[in-house]
Amino acid sequence: MSLDQDQHYIDKVLNGNVGSFAVLIDRYKHMVYTLAMKILNTKEEAEEVSQDVFVKVYQMLPSFKGDSKFSTWLYRIAYNRSLDYLKKRGRSLRTSSIDADKDYYLDSMDNILDQMQREEHNVIIKNALGELSEVDTVIITLHYFEELSLKEISKVVGLKVNAVKVRLFRSRKQLAQILQHKLEPEIIEGYGRK
Amino acid sequence: MEENRDKELDVFLKKNIKEIRLEEPSSNFTTIVFSKIETLQTKDAYVHKPLISKWGWGLIGLLVVGITFFLFDSGALQESWFKYSKLEFFTKLSIFDGLNFISNTMVYGFVALVIFIYVQIFVLKRYFLNTYQIK
């Protein structure tokens with residue numbers, strides 16, 4: 001969504017048209033909720049945190065200077081609020097111990113995923129994403145769903161651009177490993193048929 | 001070589017991840033957010049205003065000090081005034097003489113109880129202020 005379009009509604013809200021905030025909520029609620037889900041893992045908690053994020057953003061809107069995109073600012077608040085919530089509940093972030101150096105077979109995996117029913121395909125991908133660490137899942141989500149640049153992602157997660165680049169590179173390889181492991185029976189079956 | 005392989009993986013993941021949809025929040029998500037914002041605005045509307053402002057207290061203080069100085073300065077208050085006043089009567093009272101049966105332990109206990117009650121008043125006051133978010 002373009003910066004100008006968001007700014008138009010932000011200006012309207014700041015001029016007293018509270019209803020215009022609904023446009024911004026509807027535009028970003030899915031992504032905010034998805035980010036919260038990736039970190040908190042429960043629907044109820046993600047729902048509560050996402051709602052609070054929008055309330056907080058509404059309160060902080062006068063302080064939004066437009067130095068970064070509204071979405072980047074919003075996602076940063078969502079990310080930090082989710083981490084705060086996790087800390088308050090005495091929970092900590094997962095670390096992934098998946099070996100990223102093993103080999104994988106992209107063509108075979110791609111063929112099998114193509115042949116799968118949409119539902120089954122989505123479950124496999126979602127489960128694979130769930131095995132990464134929370135921070136890596138957030139980085140992958142922002143990169144592939146929102147197509148944010150490395151610089152924008154670094155602003156959201158508060159890491160240096162190079163650190164994001166390295167994490168993205170490693171997470172991609174880990175995801176390939178996880179998918180390879182999950183699809184192994186189908187891959188072997190496929191070779192058997194040949 | 002490694003770079004090419006990463007690029008291929010990037011394309012593969014882009015295609016497969018994009019196919020899955022983002023998580024779906026509850027259908028009344030926007031309505032709930034708005035009701036939370038409304039509650040917030042209503043709370044902000046109830047701003048606690050003290051009956052006597054800080055300026056008012058300052059003025060009262062100044063008046064009291066001013067009047068006291070004026071009375072002493074003008075000679076209206078003299079030491080002898082207290083001497084012949086009816087306040088002298090109170091110095092002759094010995095109400096505590098009849099309370100000899102109260103032991104020191106009982107007095108300490110009572111003083112401790114009073115202190116605890118005072119502490120609780122402040123703790124409860126803060127608790128209720130936080131609960132109702134009076135600003």
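Modeller: In this predicted model, the side chains of D10(B) and Y144(A) are joined by a polar contact of 2.5 Å; a polar contact is a pair of N or O atoms within 3.5 Å, where within protein one atom must be able to donate a hydrogen and the other to accept it, and residues adjacent in sequence count only if both atoms are side-chain atoms. Local features need pLDDT of at least 70 and side-chain atom pairs count only at pLDDT 80 or more, whereas totals for chains, interfaces and linings use all residues, and side-chain values use heavy atoms, with hydrogens and water left out. Residues are numbered from 1 along each chain as its sequence is written, while chains are lettered from A and ligands numbered from 1 in the order in which they are written.

D10(B) lies in helix α1 of chain B, helices (H or I, at least four residues) and strands (E, at least two) being DSSP runs numbered from the N terminus. With a relative accessibility of 17%, D10(B) counts as buried, where buried means under 20% relative accessible area, exposed over 50% and partly exposed in between (1.4 Å probe, protein chains only). Apart from neighbours within four places in sequence, D10(B) touches H143(A), Y144(A) and R172(A), contact meaning heavy atoms within 4.5 Å.

Helix α1 of chain B, residues 2-19, also meets helix α5 of chain A, residues 106-115: their axes come within 11 Å and cross at roughly 10 degrees, the axes being lines fitted to C-alpha atoms, for helices over the stretch in contact, with angles running from 0 to 180 degrees between N-to-C directions. That angle makes α5(A) roughly parallel to α1(B), a description kept for angles under 35 degrees, with over 145 counted as roughly antiparallel, 65 to 115 as roughly perpendicular and the rest as oblique. On the side of α5(A) the residues are L106(A), M109(A), D110(A), L113(A) and D114(A), and they meet E8(B), L9(B), F12(B), K15(B) and N16(B) in α1(B). The residues of this contact divide into 5 nonpolar, 1 polar and 4 charged, with Ala, Val, Leu, Ile, Met, Phe, Trp, Tyr, Cys and Pro counted as nonpolar, Asp, Glu, Lys and Arg as charged, and the others, Gly among them, as polar.

In the loop between α1 and α2 (29-45) of chain B sits E23(B), which is buried at a relative accessible area of 16%. Leaving aside neighbours within four places in sequence, E23(B) is in contact with H30(A), Y33(A), T34(A), M37(A), K38(A) and K126(A).

Taking the interface as a whole, 30 residues of chain B are in contact with 46 residues of chain A. The two chains bury about 3,900 Å² between them, 64% of it on carbon and sulfur atoms, buried area being the accessible area (1.4 Å probe) that two parts lose on being put together, summed over both. Of the area that chain B buries against chain A, I20(B), L22(B) and E23(B) supply 18%, more than any other three residues. As for chain B itself, its secondary structure comes to 6 helices and 0 strands, and 12% of its 135 residues count as buried.
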